[in-house]
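These are my notebook entries on a single protein chain.

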Amino acid sequence: MVAAAVLGSVVAVVVLGVAAYTLVVGLAGASGGGEIAVVLLAGIVGLVGVVHVLGVVRLLHRRVPNTATMALAAGVTVAVTGFGVFRSIRGRGDGPDLVTMLVWVGLAAVVIAMLVLITRPSVTRWVRAVHAR
């Protein structure tokens, strides 16, 4: 459970960092109404990061731990990373972008590991035991 919380925290920091990076870089290069799209994209990515933070908080709650929020955030992140891998393989006209693809695959691996950890039988038994108290 602690390993899942640590991985969830790492993913939350990475996703919130990506949101901040998207906002800063996007606003620097946007013009002609593109600022709205950049802010919306950064907001969506930031919301996924916030859901990861909430998932970690709910997993570590003393009286009512829950893994559902973390599983939801992980599912959304896996979907987004899958799209990112697809876009990286497709490339931007000059071939696949291997570095970006490896980053997406690494993030997906961490999120999948987190999902595996929170669905372990020992974690579900612990959650049930805390709820029973």
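**Entry 1: Overall fold**

I counted the secondary structure of the protein chain and found five helices and zero strands. I took helices (H or I, at least four residues) and strands (E, at least two) as DSSP runs, numbered from the N terminus. Read from the N terminus on, the elements run α-α-α-α-α.

The model is predicted, so local features need pLDDT of at least 70 and side-chain atom pairs count only at pLDDT 80 or more, while totals for chains, interfaces and linings use all residues. Residues are numbered from 1 along each chain as its sequence is written, and side-chain values use heavy atoms, with hydrogens and water left out.

I next looked up the dimensions: along the principal axes, the C-alpha atoms of the protein chain fill a box of roughly 55 × 30 × 15 Å. The chain exposes about 8,200 Å², of which carbon and sulfur atoms supply 72%; such areas come from the Shrake-Rupley method with a 1.4 Å probe, and for residues only the protein chains shown count as cover. Of the 133 residues in the protein chain, 29% are buried. Here buried means under 20% relative accessible area, exposed over 50%, and partly exposed in between (1.4 Å probe, protein chains only).

I also checked contacts, defined as heavy atoms within 4.5 Å. Among those in the protein chain with a separation of 6 or more, 63% are accounted for by residues 24 or more positions apart.

**Entry 2: H1 against H2**

I examined helix H1 (residues 2-29) and helix H2 (residues 34-59), whose axes come within 8 Å and cross at roughly 165°. This makes H1 roughly antiparallel to H2. Angles under 35 degrees count as roughly parallel, over 145 as roughly antiparallel, 65 to 115 as roughly perpendicular and the rest as oblique. The axes are lines fitted to C-alpha atoms, for helices over the stretch in contact, with angles from 0 to 180 degrees between N-to-C directions.

I recorded the crossing of H1 and H2 as left-handed, that is, with the near helix turned anticlockwise from the far one by less than a right angle; clockwise would be right-handed. The residues of this contact divide into 20 nonpolar, seven polar and one charged. For these classes, Ala, Val, Leu, Ile, Met, Phe, Trp, Tyr, Cys and Pro count as nonpolar, Asp, Glu, Lys and Arg as charged, and the others, Gly among them, as polar.

**Entry 3: H1 against H4**

I then turned to H1 and helix H4 (residues 98-118), which pack at an angle of about 150° with their axes 9 Å apart. The crossing of H1 and H4 is left-handed. On the H1 side I listed Ala 3, Ala 4, Leu 7, Gly 8, Val 11 and Val 14, which meet residues of H4 including Leu 107, Val 110, Met 114 and Ile 118. By class, the contact of H1 with H4 has twelve nonpolar, one polar and no charged residues.

Is His 52 buried or exposed? I found His 52 in helix H2, buried with a relative accessible area of 1%. Leaving out residues up to four places away in sequence, His 52 touches Gly 8, Val 11, Ala 12, Ala 73, Ala 74, Thr 77 and Met 114.

I located Ala 71 in helix H3 (residues 68-90); at 31% relative accessibility, Ala 71 counts as partly exposed. With the same exclusion of residues up to four places away in sequence, Ala 71 touches Leu 115 and Ile 118. Ala 71 and Ile 118 are 47 residues apart in sequence and 7.8 Å apart in space, C-alpha to C-alpha.

Val 25 lies in helix H1 and counts as partly exposed at 43% relative accessibility.
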